[in-house]
Amino acid sequence: MSELKHKKYSLFSSLVYHAPFLNTDECEMYVKCLEDVKKDQPRPQRPFLQTTDKLHLLNDTWKEFSDRVIGMINSVADDQSIIRDSFYNTNMWANISSGNEYFHQTHSHPNCFFSSIIYLRGNESSGTTFHDPRPQTQVFTPDYSIYNSINGSSFQIPYIEGYIAIFPSWLPHNVSGKADDNSTRITITCNSMMHCEVNKQTAYLKI
Ligand SMILES: [Fe+2]
């Protein structure tokens, strides 16, 4: 069989950025700062705590954190050539899962453009798994000799302490966790929206 000469286009990709954001000392400092923040337990049957979703407005520490996230968001927006006036965080909160089963069911984040997760504490089972948003791809799913981000229906980015993952807010994702894992997972999540003026014919928008 002759060698296939081809150019391959990965069309309409769901871009997920994974980058260093905090050093070890900063992670510990923010974990310590969270001790002073009020937390709720949204599901009484699970060892899962959540802060206010207005963490970015709470005090200077978290406002500065939020501003640093926006710096990263702007780098991603530049990488994608997005014309805008500015980005801002609409929500920012901490998820703290202690004990086993820090499972988060598959979800996406409404009313924002980019979302981000900053990993303060965890282990290899604390990574986020992203899912193919195209339901058509599930009509027929052959076996593959190698699974990767091109042919798989899901892809888990590794947990790396201090890293930030930035992704389109509509991209479904979950955290699997492990039933026998007694470690603690602590993450900060941000939802980011933009101010912009869009000048497309018949699709003008100023927000
Ligand atoms: Fe999420």
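A residue is called buried here if 20 or more other C-beta atoms lie within 10 Å of its own, and exposed if 12 or fewer do, with C-beta atoms placed from the backbone. The model shown is predicted.

View 1. Helix H2 comprises residues 60-79, and its buried residues are Trp62, Phe65, Ser66, Val69, Ile70, Met72, Ile73, Val76 and Ala77. They cover an arc of only 165° around the axis, which puts them on the same side of H2. On the other side of the helix, Asp60, Glu64, Asp67, Gly71 and Asp78 are exposed. The buried residues pack against the strands S1, S4, S6, S9 and S11, and also against helix H1.

**View 2. The length of helix H2 and the residue that follows.** Following H2 is serine 81, which has a positive phi, near 60°.

**View 3. The open sheet of seven strands.** The strands are arranged in the order S1-S9-S6-S11-S4-S3-S2, with antiparallel pairing. At the edges of this sheet are strand S1 (17-20) and strand S2 (39-40), each of which pairs on one side only.

**View 4. Strand S6 and its two partners in the sheet.** Strand S6 (residues 114-121) runs antiparallel to strand S9 (residues 163-168), and five bridges join the two; within this pairing, isoleucine 118 has isoleucine 164 of S9 as its bridge partner. S6 also pairs with S11 in the antiparallel sense, over seven bridges, and here the bridge partner of serine 115 is asparagine 191 in S11. Eight of the eight residues of S6 are buried, so this strand is largely enclosed by the rest of the structure.

View 5. Helix H1 (residues 24-34) lies across strand S4 (86-97), strand S6 and strand S11 (185-195), and runs at about 95° to S6. Helix H2 packs on the sheet as well, where it touches S1, S4, S6, S9 and S11, and the direction of H2 makes about 120° with that of S4. Helix H1 is also among the elements against which the buried residues of H2 pack.

Definitions and conventions. Residues numbered from 1 in each chain as written. Predicted model: local features only at pLDDT ≥ 70, side-chain atom pairs only at ≥ 80, totals over all residues. Pairing = 2+ DSSP bridges. Helix = DSSP H or I, 4+ residues; strand = E, 2+ residues; numbered from the N terminus. Contact = placed C-beta atoms within 7 Å. Axes fitted to C-alpha atoms, helices over the stretch in contact; angles between N-to-C directions. Arc of directions from axis to C-beta.
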